[in-house]
Every structure is written in structure tokens, then in C-alpha cells.
Amino acid sequence: MDPRVQKVVTLIREEFHRESSLSEMAQFVNLSPSRLRYLFKSEVGMPPTQYLKAFRMQRARELLETTFLSVKEII
């Protein structure tokens, strides 16, 4: 995997609760937003913003399955 894409994946996983725009993610790895979107999609199979949403949904699902929290408490 491209190291720049790996950095963005790590950033998303560590700071998934924070609203990060595509331009912020691109600036983090010194790329243009369109280039990051292209590289990310070719490596991961989806754009960074969609990956962030999917990761958040996965985390919410894990919390629902492993804790006694309600959906309202998680969201």
C-alpha cells in the first residue's frame, strides 16, 4: 500500500471521531485532494470520506454488540 494512503488510513482510524475534510487529509500527506481521492480509491476501493463513514459505522456496530449502550448513546 502507498505510504501516503497508509498514513491517511491511520489518521482516520485514530481520529475517527473528528470531522476531517478531504483537503485536510490531503494536506496531511502533502497531496492535492483530487490526487489523494484517486490514490485512496485505487488502493482501498473507496474514497476517503466513504471509508471514514464505513469505519464509523463499524465502530458503532462493535459498541452495540459488545456494550449495553443504546443507539442514541453511541450516535
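This is a predicted model: local features need pLDDT of at least 70, side-chain atom pairs count only at pLDDT 80 or more; totals for chains, interfaces and linings use all residues.
Student: What makes the secondary structure of the protein chain count as five helices and zero strands?

Tutor: Helices are DSSP runs of H or I with at least four residues, and strands are runs of E with at least two. By that rule the protein chain comes to five helices and zero strands, and its elements run α-α-α-α-α from the N terminus on. The C-alpha atoms fill a box of roughly 40 × 20 × 15 Å along the principal axes.

Student: What makes a set of residues here a nonpolar core, and which of its members touch the most others?

Tutor: The members of such a core must be buried, and they must be joined through side-chain atoms within 4.5 Å. The largest set that meets these terms has 15 residues, of which V8, I12, M25, L36 and F40 touch the most other members. The elements that give two or more residues to this core are α1 (3-14), α2 (22-28), α3 (33-44) and α4, and α1 gives the most, with five residues. In the protein chain as a whole, buried residues make up 28% of the 75 residues, where buried means under 20% relative accessible area.

Student: Why is one space called a cavity and another a pocket?

Tutor: The word cavity is used because a 1.4 Å probe fits at the points but cannot get out, whereas a pocket is an open set of points. The structure holds one cavity of 30 Å³ or more. About 40 Å³ of space lies in the largest cavity, which is lined by L11, I12, E15, R18, S20, M25 and L52. The largest pocket holds about 200 Å³ of space, and its lining consists of F16, H17, R56, M57, R59, A60, L64, V71, I74 and I75. Two or more of these lining residues come from each of α4 (48-66) and α5 (71-74), with α4 giving the largest share, five residues.

Notes:
Residues are numbered from 1 along each chain as its sequence is written. Side-chain values use heavy atoms; hydrogens and water are left out. On a 1 Å grid over the protein atoms alone, a cavity is a set of points where a 1.4 Å probe fits but cannot get out, and a pocket is an open set with protein on both sides within 12 Å along at least five of seven lines; lining residues have an atom within 4 Å of a point. Grid points are joined across faces, edges and corners, and a volume is the space filled by probe spheres set on the points. Buried means under 20% relative accessible area, exposed over 50%, partly exposed in between (1.4 Å probe, protein chains only).
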